[in-house]
Amino acid sequence: MFIAVDAGGTSTRAVAVDRAGHVHGYGRAAGGNPTSAGIPAAVTAIGAAAGQTVAGLPPGDVEAVGIAMAGEKTDAFSTQLSECLGRLGLGRVVLQPDLLAMFHSGTHRLDGYGLISGTGSIAAQIRDGRLHRVVGGRGWLLGDAGSGFWIGHRVARAVVSALDGQGPPTTLTSLVLTALGIDDTGSGAVLPQVVSALYARRPVQLSEFAPLAFAALEDPVARAILDDAAAALAHLLATVHEPWLTGPVVVGGSVMIRGFLAGPPDLRDRLGLPDDVVPVDDGVVGSAVLALREAGVVVDEDVFERVRGGVARVTGPSA
């Protein structure tokens, strides 16, 4: 038996899977990313999700725990995590990149491409089941083009520019004021309130404004922001693409799934994605696939579909 964990910034999901790909348990907890949640909180969340997953399983049945996550995996985090899971009687811990788990959540094939646009953005070329080339993923300060932060930052700048009289009017202004809880009095007091409220947030929290751009698609300012974001994501994918390397393109992240792919066709077309692109909600299936392969299990199409179907069964439509 193996425990597979997808430790995201918002939530942590875990499943127990056997060597044949049958899923036996499920757990869910708060965000398990040590970069965003901090090491103690992340370790607690992962331990809670794993603990729920193994409830009812025979003691000592778990051979290993595979954890997919983004961000830096420090020695301090690894040590505390191993101690936490050790107290639960679980096996060794194997940490995997979340981008790799996302790719393997969409396909059993070993070659292809992955693209994530959530709070951040990143793309990769996958060969032989491993990350071969990765671009992006450098964080809000140095990269993340086309991401939720990138879009939200531009939304905030456009609103401030409009209120300051330097930019065109935009329906984004009323949406941002509502999101910030600021009344539009029409006076000069609004702009200082907006600026103060924005600077009071951590920079990465600007990603919360990204959905506002999709909600205001008919607004020229919002549409220009999204067009630029789509072009940036298309460039990310093009950078890792090789004409001779065929394989599926698996995409994930809230901005990609609930934003671009749910938007109008002409906006989606700007992403340059193939018609058979594979969207996935998270990396929990891929984490299970990686855990099995790490143990020497051949994950063919049948095993993959068994894992995917089992995860869908235990998590349910609302997970």
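Predicted model: local features only at pLDDT ≥ 70, side-chain atom pairs only at ≥ 80, totals over all residues.

Q: Which helices each supply at least two residues of the lining of the second largest pocket?
A: Helix H6 (148-163) and helix H8 (190-199) do, and H6 gives the most, with five residues. Helices here are DSSP runs (H or I, at least four residues) and strands are E runs of at least two, numbered from the N terminus. Residues are numbered from 1 along each chain as its sequence is written, and side-chain values use heavy atoms, with hydrogens and water left out.

Q: What makes the contact between Glu294 and Arg130 a salt bridge?
A: The rule asks for a side-chain nitrogen of Lys or Arg within 4 Å of a carboxyl oxygen of Asp or Glu. The N to O distance for Glu294 and Arg130 is 3.5 Å, so the pair counts as a salt bridge. Glu294 lies in helix H13 and Arg130 in strand S8 (residues 130-136), so the pair ties together parts that are 164 residues apart in sequence.

Q: Why is Arg223 called buried?
A: Buried means under 20% relative accessible area, exposed over 50%, and partly exposed in between (1.4 Å probe, protein chains only). Arg223 has 18% relative accessibility, so it counts as buried. Asp227, at 17%, is buried too.

Q: Why is Asp266 called partly exposed?
A: Its relative accessibility is 43%, so Asp266 counts as partly exposed. Asp266 also forms a salt bridge with Arg223, the closest N and O atoms being 2.9 Å apart. That pair links helix H10 with helix H12 (residues 265-269), 43 residues apart.

Q: How do you know that Arg223 and Asp227 are separated by about one helical turn?
A: They are four residues apart in helix H10 (residues 220-240), which means a separation of about one helical turn. Arg223, Asp227, Asp266 and Arg270 are linked in a network of salt bridges.

Q: Why is Leu141 called exposed?
A: Leu141, in helix H5 (residues 139-142), has a relative accessible area of 63%, so it counts as exposed.
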